[in-house]
Amino acid sequence: MAKDVLCEVTNCHFWESGNQCGADEIKVVSRKGRKAKDIAETDCGTFIPKG
């Protein structure tokens, strides 16, 4: 399992300095049902906007 999760989305609630993700868990979801064929068909389901 990854120890460091990098994130460039600075307006995410979990974003931390150094592009680190501070969430306890990361949820990756598919835009096309339960299978994705490439990165463009996936999203971070953990994202919560800051503020």
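Please keep in mind that the model is predicted.

Let's start with the overall build. The chain has four strands and zero helices, so its pattern along the sequence is simply β-β-β-β, with strands counted as DSSP runs of at least two residues. Of the 51 residues in the chain, 10% are buried.

Next, have a look for empty space. Rolling a probe the size of a water molecule over the atoms shows where such space is left. The largest pocket found has a volume of about 240 Å³. Its lining is made by 14 residues, and those closest to the centre of the pocket are Leu6, Cys7, Val9, Cys44 and Phe47.

Val5, Ile26 and Val28 make a nonpolar surface patch of about 230 Å². Val5 sits in the segment before β1 (15-16), while Ile26 belongs to the loop between β2 (20-21) and β3 (28-30). Along the sequence Val5 and Ile26 are 21 residues apart, and in space their C-alpha atoms are 8.6 Å apart. How open are they to the surroundings? Val5 has a relative accessible area of 30%, so this residue counts as partly exposed. Ile26, at 37%, is also partly exposed.

Finally, there is a charged contact to visit. Side chains of opposite charge can pair when their charged atoms come close. Searching the whole structure turns up one salt bridge. Which residues form this salt bridge? The partners are Asp43 and Arg31, whose closest N and O atoms are 2.8 Å apart. The pair links distant parts of the chain, twelve residues apart: Asp43 is in strand β4 (residues 42-44), and Arg31 is in the loop between β3 and β4. With a relative accessible area of 31%, Asp43 is partly exposed. Arg31 reaches 53% relative accessibility and therefore counts as exposed, because the cut-off for that class is over 50%.

Methods: Residues numbered from 1 in each chain as written. Predicted model: local features only at pLDDT ≥ 70, side-chain atom pairs only at ≥ 80, totals over all residues. Heavy atoms only, no water. Patch = residues over 30% accessible without salt bridge, like charges linked within 9 Å, V, L, I, M, F, W, Y side chains within 5 Å. Areas by Shrake-Rupley, 256 points an atom, 1.4 Å probe, with all protein chains shown as cover. Salt bridge = Lys/Arg side-chain N within 4 Å of Asp/Glu carboxyl O. Buried < 20%, exposed > 50% of the residue type's maximum accessible area, 1.4 Å probe, protein only. 1 Å grid on protein atoms, 1.4 Å probe; cavity = no way out; pocket = protein on both sides within 12 Å on 5 of 7 lines; lining within 4 Å. Points joined across faces, edges and corners; volume = space filled by probe spheres on them.
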